[in-house]
Every structure is written in structure tokens, then in C-alpha cells.
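Subject: Structure handover

Hello,

Here is the structure for your files. My notes on it follow below.

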Amino acid sequence: MRCTLAAAFVAGAPVGAAHAWVLLPSGPDEVASEGALPPVRASPAPGAAAAASGGTTAPAVARPGGAASAAEAAAAAAAAAKTPRDATPPPGAAPDGARKLLITLPLELEVHGRFFVGVAADERDAWGRTFGVSSARLGIEARLPGVETVVEADLASTPLIEDAYVRIDGPGVTRLTAGRFKAPFSERRLDSAWSLPLVDRGLVDRYLVKRNGLGGRRVGLAGTLRPWGGRLDATGGVFLGDSEALEARSDAGEDWAARVAARRQGVELGASGYRAGHATGAAPVPARWAAGPFVNLDLGPVRAALEAFAGSVAEGPFSAGTALLSWRLRAGEARRLRLTPVVGMEALRLRGATPGVGYGAIAGAVISWTEGLKVKLQGEWARRPGDGSPAVAVAAEVGSRF
């Protein structure tokens, strides 16, 4: 009893209130076990609470009998239990007992850009020089498990949108691509302008793709099979025709394209074909088609590409072939500087109502610093269909990407 009175005196509580004990329920962060009794807590006297909080509440006066009533002690304990321990909830806490549902998706976003600025001069134009930005790409790729979406615009070309497609991994080794993308035809056209060691894709590409609308970017739908870990790749699809082929500006119908390739240890063998549909309109475009085999070699620093074509265009049957050889040399202390000389040859023969012959040789080099900056130098000696004699053209291009 003496110990109890001494403790009450030190705490500043009235002697008569030193015995007031009540049973209080556990707080919100002290959940009692099922069936267990709540802990026993001492009910502080009003004067003690005021002293602890720094208030000026007058000390309680001991009632006759030496003890506070049980009802007042219970009311004080209930008020203390209702007082929040911390008025400010911690960061991220859900108010009023609400629950937050957070969904995390394995989404990958990649933003990339690229531009080329170049200068060119051609003997056919009395060495008139052209200077400008040939490409200014800005694109974004979004990847989810089994789904890839690509949107890429070129601010220096018309139309503005270059690529806009979605690629879906189907069951097994299947894949479906829909939107605007490159049709699976012509290896030189399928290679990106950044990785191709040429400023210009050459006279065969210019004649087949740009003039006759065989290949290139189209709006369409393509399906792909990639068995054996991608060592075999077979793609086929249907695309909208080029309405501006041969400057006809008419409905070009539907085009069909296919490509099959087998790859093993840096060697790729395959074949591709393209058929432009019959057009309708005031100025119909004649049916055109082309097909042929190709070989791609990637032997470390040495790369080589061979491709042949045969088919029919607006002028009649044709045959063509391209060859390109490049080898990469590294220099510098960190070996970040690369010099890639390149040589190539092309040939094109037209038969029919308007026969013609085209051929050419290409020599140049690519100077690269890391992966984000490169300079392309190219010289071409070529006779195009319709030229009386071969002519020389030179070009240089500076490119950067991120």
C-alpha cells in the first residue's frame, strides 16, 4: 500500500485516485487473440493527463471516500481510447480502412530516333549538288509478353508515318503482324538504312521498288512461322498496292509477298517473291511480279549479300542481280572507331517492247564512332536503263541515332 501511494505521489495524481483501475480494450494496433482477456491499463487521473500534455487543467479534487467513482473512471478511459494516436496517416496509407489494388504490368517502352543529312552530286545533272535531311525518324516501341507495338514517323518524308504495326506471338512458333511495315521482299530493301553500308540502295532497287512498286512499306497483314528456334523463317502476307506506281495514281488492287529463309552459323539461304495485283481505274497499272534467291553471309567482320531476280514489269520481262561485300576494321585505344570499306556490283536487263540494259559498280566506306554516329561515303559508276553511257555519282551522309 505504501508503494502504491508513493508511486501516485510521484506521478502527481491525487492520493484518492491512485487505486482507480479499469479494464480497457486493446488499441487498433494491438489486436487481442480470440478468447484472450484484454490487457489491464491504469486510468490516468485528469490532473496527470493535463500535466503530461503541458495543459493548465486544474488538478482533480479528491472526493470524500478517497476514490473516484467507477462511472467517471470508465468514461475517462473510453475517451482516451477514442483519441487517435496519430492524426496524420503514414504515407501511402489507405484512409478509412480502404484497400488499394496495385497492378504491375511487365511493360517495356523504348523511344528511339535517327536522322541522316547528306550531300550528293551527279554527272547526269552537270554535277548539280543536292543537300538536305534525307531522314529524320522518331519512334516508340511498346512490348508486353507476346505483343509488340511499333509507331515510327519520318519528319523528312511523305507520308509522315513510316511504320505503324502490332506484332503478336501466336501459339507455338507462329506470329502475326498487322499495320504498315515492309513487305517481305528484296533483302536490300528489308535491311535498315542504318545498318546498310550504302547511301543509296542502287539502281535495281530504284527500278523495282520505287518505279514499279514491287516491295517496300505497305499496309497489310502477314503471318510468320519460325520453327527450330528461328533457324527457319517463312513469312507471307497480303498488302495494299502502290497507288502511285508508274505515276498511274489509280487503285492498285492487292499485292502478295512471301519470303523463306534458313539460317545456320552466319549463313542464310532463302528466296522471296512479290506479285502486284491487277489495278482498275482510268489509268490501270499492269500486273508486275518478281522472285529470286538470295544468300547472306555474316562472318564476323566480313559481310556479303548476293541476290538475283527474274520477273515482269511494265516494260516487259526482266532479270537482275546485286552483290555487296563489306569488312569492318576496328581502331583506337578502346576500339570504338570502326572503318568499314564496301564494294558492290549491280546488273539489270529488260526484254520486250522496250529493251534496255543497266549496270553499275559501287565503292565507298562507312566510318562509325560507337553505335550512335557514322559517316557514309559512296561513289557510283553506273549506266541506268535509258542512259547512252555510264555516268558517275558521289554522295556523303552523316547520321546519328539514340
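Contact here means heavy atoms within 4.5 Å. This is a predicted model: local features need pLDDT of at least 70, side-chain atom pairs count only at pLDDT 80 or more, and totals for chains, interfaces and linings use all residues. Residues are numbered from 1 along each chain as its sequence is written, and side-chain values use heavy atoms, with hydrogens and water left out.

Of its 402 residues, 34% are buried (buried is under 20% relative accessible area, exposed is over 50%, and partly exposed lies in between, with a 1.4 Å probe and protein chains only). Of the contacts between residues at least 6 apart in sequence, 48% join residues at least 24 apart.

Ala 291 sits in strand E12 (residues 288-299). Its relative accessible area is 31%, so Ala 291 counts as partly exposed. Beyond its neighbours within four places in sequence, Ala 291 is in contact with Ser 272, Gly 273, Ala 308, Phe 309 and Ala 310. The C-alpha atom of Ala 291 is 7.3 Å from that of Ala 271, 20 residues apart along the chain.

Next, the hairpins. Strands E5 (residues 147-154) and E6 (residues 161-169) pair in the antiparallel sense over 7 bridges (pairing requires at least two DSSP bridges between the strands). There are 6 residues between E5 and E6 in this hairpin, and Glu 152 has Asp 163 in E6 as its bridge partner. E6 also pairs with E7 (residues 174-182), antiparallel over 6 bridges. That hairpin has 4 residues between its strands, and Gly 172 in the turn has a positive phi of about 65°.

The structure holds 25 salt bridges (a side-chain nitrogen of Lys or Arg within 4 Å of a carboxyl oxygen of Asp or Glu). One of them joins Glu 346 and Arg 188, with the closest N and O atoms 3.5 Å apart. Glu 346 lies in strand E16 (residues 337-350) and Arg 188 in helix H4 (residues 187-190), so the pair ties together parts that are 158 residues apart in sequence. Both Glu 346 and Arg 188 are buried. Another salt bridge, between Glu 371 and Arg 401, has an N to O distance of 3.8 Å. Glu 371 is partly exposed at 48% relative accessibility, as is Arg 401 at 37%.

Regards

Terms used
Helix = DSSP H or I, 4+ residues; strand = E, 2+ residues; numbered from the N terminus.
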